[in-house]
Amino acid sequence: MTSIDAFFDRLRRDGAEDRLVKVSGSVRFDIRGERGLRHWRLDIDRGRLRVTDDDGPASTVIRMSEQTAEAMVEGGMNGLAAINRGEILVDGDLALALRIGRLLPAPNARHGGGGT
C-alpha cells in the first residue's frame, strides 16, 4: 500500500474531521503515476467525510503527479508552494482546495520539523 492509499484509507476510516466543520463540497484528486491515472473523491459535509475512488464531477479537481502526492501526504511538501510552482493544478474552488490542506501533515512534521 502506498502512502497515498494509506492517507485516503485513514480519511475513509475516520469519517469526520473537526477542522472542517464549516466546510462543504466535493474534491476529486487526479493522481498520475506508474499505474496510470488514479482518482479519489472526497465529499465533505460540514466535517463529515466520504472517500470513494470515483472519477465523477466535483466542485474542485486537484491534479498532480504521484510523486507530488506522496510528498504531500508524507509532510514533505507545502501545498500552496506546489500550486505556485505548477506542480499541483486546481480547477474549480481554490478556497476549498486550500481548506482541505488541513487534512495533510504540516511540511516536515513527519521529520520532527528539521534535522536530518
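**Close-up views of a predicted model**

**View 1. Arg48 and Asp45 form a salt bridge between their side chains, 2.8 Å from N to O.** A salt bridge here is a side-chain nitrogen of Lys or Arg within 4 Å of a carboxyl oxygen of Asp or Glu. Arg48 is partly exposed, at 47% relative accessible area, and Asp45 is partly exposed as well, at 31%. Buried means under 20% relative accessible area, exposed means over 50%, and partly exposed lies in between (1.4 Å probe, protein chains only). This is a predicted model, in which local features need pLDDT of at least 70 and side-chain atom pairs count only at pLDDT 80 or more, while totals for chains, interfaces and linings use all residues. Residues are numbered from 1 along each chain as its sequence is written, and side-chain values use heavy atoms, with hydrogens and water left out.

**View 2. Arg41 and Asp43 are joined by a salt bridge of 3.0 Å, N to O.** Side chains of opposite charge can pair when their charged atoms come close.

**View 3. The side chains of Glu87 and Arg85 meet in a salt bridge of 2.4 Å, N to O.** Glu87 is partly exposed at 30% relative accessibility, and Arg85 is partly exposed at 49%. Elsewhere, salt bridges that share partners link Arg28, Asp30, Arg63 and Asp91 into one network. The whole structure contains 12 salt bridges.

**View 4. Helix α2 covers residues 66–73 and is largely enclosed by the rest of the structure, because 6 of its 8 residues are buried.** Helices (H or I, at least four residues) and strands (E, at least two) are DSSP runs, numbered from the N terminus. Which residues of α2 are buried? They are Glu66, Thr68, Ala69, Ala71, Met72 and Val73. The elements that cover them include the helices α1 (3–14) and α3 (79–85), together with the strands β1 (24–33), β4 (60–65) and β5 (88–92). Contact means heavy atoms within 4.5 Å. After α2 comes Gly75, with a positive phi near 80 degrees.

**View 5. UniProt lists residues 10–104 as "domain: SCP2", in an unreviewed entry.** UniProt positions are given in the numbering used here, feature names are shortened, and annotations may be inferred rather than shown by experiment. Over residues 10–104 the chain is 27% helix and 38% strand.
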